Amino acid sequence: MAVIGAFCVSVNKEICLNARMPGKCATCAEVCPHGVYALDRATGEMEVVNFNACVGCRICTEFCPENAIRINPAEPEYISRYPWTFAAIEEVHYKSQTGEYLLRGFGTHGQTPNFDMITVVPSQIASAAPLDKYREECDMQVVIGEDTCEKPVVLKQPFVWAAMSFGALSKEAKMALAIGAAMTGIATNTGEGGLVPEEAWLARGFTDKEMTRKKHDPGGYLIIQWSTGRWGVSVDYLNSGDAVEVKIGQGAKPGMGGHLLGAKVTEDVSRVRGVPVGSDALSPCRYYDVQTLDDMKRMVAFLRDVTEYQVPIFFKLGPSRPYADVAACIEAGADAISIDGLVGGTGCSPDIVTQGVGIPTIACLPPAVQALKDYGVHRKVKLIALGGIRNGLDAYKAMALGADAVGFGSAAEVALGCRVCYACQKGNCPYGITSQKPEYRARLDPIEGGKRLANFIHACAEEVKILTMLSGHGSIKDLTTEDLRAMDLNTAAITGLKLCGYERPLPIWDSMMGGNGGNGHKKMESKKVSEER
Amino acid sequence: MKTIDAKNKDLKSVNRSLKESLNGQPVVIKNATHIHGLAAGLKHGEVEIKGSAGDYVGVLNDGAVIKIMKNAGKYTADNMTKGTVIVSGSTEFGTAQYCYGGTVVIYGDSGDFTGTMNKGAAIIIAGDVGSDAGTYMLKGDLIIAGNAGDHFANYLIRGNVYIGGTWKSLGNNTKIEPMTDADIAKLRAYFETYEIDANPVVFKKIVAASEKPFYK
């Protein structure tokens, strides 16, 4: 269901420049991605013609030179009219008029089980004493591939940028992510749209192609994504990064491939992706060159071979069957597994898939961790949590649930200035983040963007340190589910965490864990995935 | 000419030996049927594989000439960007998928999904192909001298598909166009170069009906 009819738009005509001098200003109409405002070209007057289309992004209020616009939430129609809310009715009308389903960008909105109903348990007298964040050290480093490749990835902070492709993002946004990674010692990711050449040296902290002039310390890493569409993929592409990520799925649209509509396939995007200008780049939902788990093992083997056994191999999963999927990745030879929950974002997806397919991030983590434990590789094969991670608090909770690191995707876009208008697919992002149009791209300075991203990472890292140390730990590696409590029954049931006040897992988990409580599922299958196939 | 015996060796060992040996001299590899990903990611040189090869032979080839003297497994010449892969016998499922460039020649038959998502290679099959050949092609040529199975050239987006025989069923978003003199000359040049006994005049040409075939 789209976010429509949920906001009231009001324009103060006393101060609106257009109201006072028609034709002098059309800023709100220019920046609104949803056509809420319309300019009468004959009179020069601006009108709110489609207030129901407002999604509450407030881009117009930010750009309005006179601060004349107010956007306020409408009445909670979801209570009074559910299920036939205005949004539901409009959706039916749209389909009956056009014969098309709804497409949109970004991620799931509305209530889903999330990190907010988990609380952090501070350390006190009954457990190890808290550590002093201001005077003591906290180990935040994450090493990926230390036993399997020549050049492991050593993240200085337990963060990565989620994979976002060139095409979905502008070149400037990709460069900003690379600079932000270099300034903080984390990893950026090409996504599936090929390599923007500048990414390769900017991510490592250099300002030149030859990588002789280092500007940003400590320098970061570039993850090269290998996906079902194989856009812009060659042996040189694979060797231009510090890791290869095999994309299996993503949180916003598990079971579907990437969508890049033709409007965003410009000459630059065409050159990098190797597809004709203007053609839709729709990635297949699966690998045509993988039919079995054995094929996947062979794929990992040749990816290691063509990268000379130098770099780690990541897998990226959507939120499907975390235990079995993670087990398959382990068997295929993964060094790290990213699991992207329901709330993960995208540049373009059918609305029903983003809203209604997949399981929440907090529900992905316990079974994923259990699979790693059952295979004896927890904390060795690294688990990276993605999907709806907004700050250091979410990151801490994900890591205490068993992840080794977390990825920021939507939050990174927001750090660059995004106001979450859900219209990334249209290519008209007024902040130049998801647009390929020169006039919008010019608004995003990659260096300033990189600094904003670095600031965001620094702040989140400090938050993780605060929480880790007040829990009595000197390293993020020591976090466990004992550092968390569920604040409601649903969250306790989904995660297996101890319920606040009850101080033990719910009985359903007690029986699964043989009375031990704690994280994850009982060993679900004695047979390995490969034996089942 | 250097010879590598792959018997009882693994992928890493064989491909390392191969890369070290490619110094201007052709390299022969034998007993390599068990190796999957043989000759992966080569940028130059000539490789001759005696006997048959496993899956993913010549994957990510970026300039080498790779000849397989018998049959090859699944995903032959997968994601090739430059160079040539020639198979004297037949290949299995998914031959020459995701290729950006170069030339693939199969003298025997080829399995289902041959040439899927071709983005610029010339793929020539002297025999028959299975179903779904040429699916999602974006660029390049797929040339079948024999017959094709179901859903031939399914959801073709751009590029040319040529066939000398017949198909069981034609895929979505396809239309048949008359062969031009340029088409015939192009095919004749390929057939002469690779000594394939086929008459380009009798071939049919299939192109995309629309460049935007998908209901989004």
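The structure is a predicted model, in which local features need pLDDT of at least 70, side-chain atom pairs count only at pLDDT 80 or more, and totals for chains, interfaces and linings use all residues. Residues are numbered from 1 along each chain as its sequence is written, while chains are lettered from A and ligands numbered from 1 in the order in which they are written.

**Where the chains meet**

Let us start with the contact between the chains. It draws 32 residues from chain B and 21 residues from chain A; two residues are in contact if their C-beta atoms, placed from the backbone, lie within 7 Å. On the chain B side, helix α1 (residues 11-21) of chain B gives the largest share, 3 residues. Helices (H or I, at least four residues) and strands (E, at least two) are DSSP runs, numbered from the N terminus. Sorted by class, the side of chain B that touches chain A has 13 nonpolar, 9 polar and 10 charged residues. Here Ala, Val, Leu, Ile, Met, Phe, Trp, Tyr, Cys and Pro count as nonpolar, Asp, Glu, Lys and Arg as charged, and the others, Gly among them, as polar.

The table sets out the packing of each pair. Axes are lines fitted to C-alpha atoms, for helices over the stretch in contact, and angles run from 0 to 180 degrees between N-to-C directions.

| Helix pair | Angle | Axes apart |
|---|---|---|
| α10 (residues 293-306) and α11 (residues 322-332) of chain A | about 50° | 8 Å |
| α6 (residues 171-184) and α17 (residues 446-470) of chain A | about 45° | 7 Å |

With an angle of about 50°, α10(A) is oblique to α11(A). Angles under 35 degrees count as roughly parallel, over 145 as roughly antiparallel, 65 to 115 as roughly perpendicular and the rest as oblique. α10(A) passes α11(A) in a right-handed crossing; a crossing is left-handed if the near helix is turned anticlockwise from the far one by less than a right angle, and right-handed if clockwise. L293(A), M296(A), K297(A) and V300(A) of α10(A) meet A328(A), E331(A) and A332(A) of α11(A). The residues of this contact divide into 5 nonpolar, no polar and 2 charged.

How many of the 11 residues of α11(A) are buried? The count is 9, so α11(A) is mostly covered. A residue is buried if 20 or more other C-beta atoms lie within 10 Å of its own, exposed if 12 or fewer, and partly exposed in between, with C-beta atoms placed from the backbone. Among the buried residues of α11(A) are Y323(A), V326(A) and I330(A). E331(A), also in α11(A), is partly exposed because 19 other C-beta atoms lie within 10 Å. E331(A) and M296(A) are 35 residues apart in sequence and 9.2 Å apart in space, C-alpha to C-alpha.

**A cysteine in a loop**

C424(A) lies in the loop between α15 (410-415) and α16 (438-441) of chain A. C424(A) is buried, because 27 other C-beta atoms lie within 10 Å. Leaving out residues up to four places away in sequence, C424(A) touches several residues, including F106(A), A168(A) and C348(A). C424(A) and C348(A) are 76 residues apart along the chain, yet their C-alpha atoms are separated by 6.7 Å.

**The sheet of chain B**

In chain B, 11 strands form an open sheet with mixed pairing, in the order β1-β2-β3-β4-β5-β6-β7-β8-β9-β11-β10. Two strands pair if DSSP finds at least two bridges between them. β1 (2-5) and β10 (174-177) of chain B stand at the edges, each with a single partner strand, so one side of each has no neighbour in the sheet. Neighbouring strands are turned by 20° against each other on average, direction ignored.

Strand β9 (residues 160-163) of chain B is covered on both faces: N160(B) and Y162(B) on one side, and V161(B) and I163(B) on the other, are all buried. Strand β8 (residues 139-144) of chain B runs parallel to β9(B), joined by 4 bridges, and D141(B) has N160(B) as its bridge partner. β9(B) also pairs with strand β11 (residues 204-208) of chain B in the antiparallel sense over 3 bridges, where K205(B) is the bridge partner of Y162(B).
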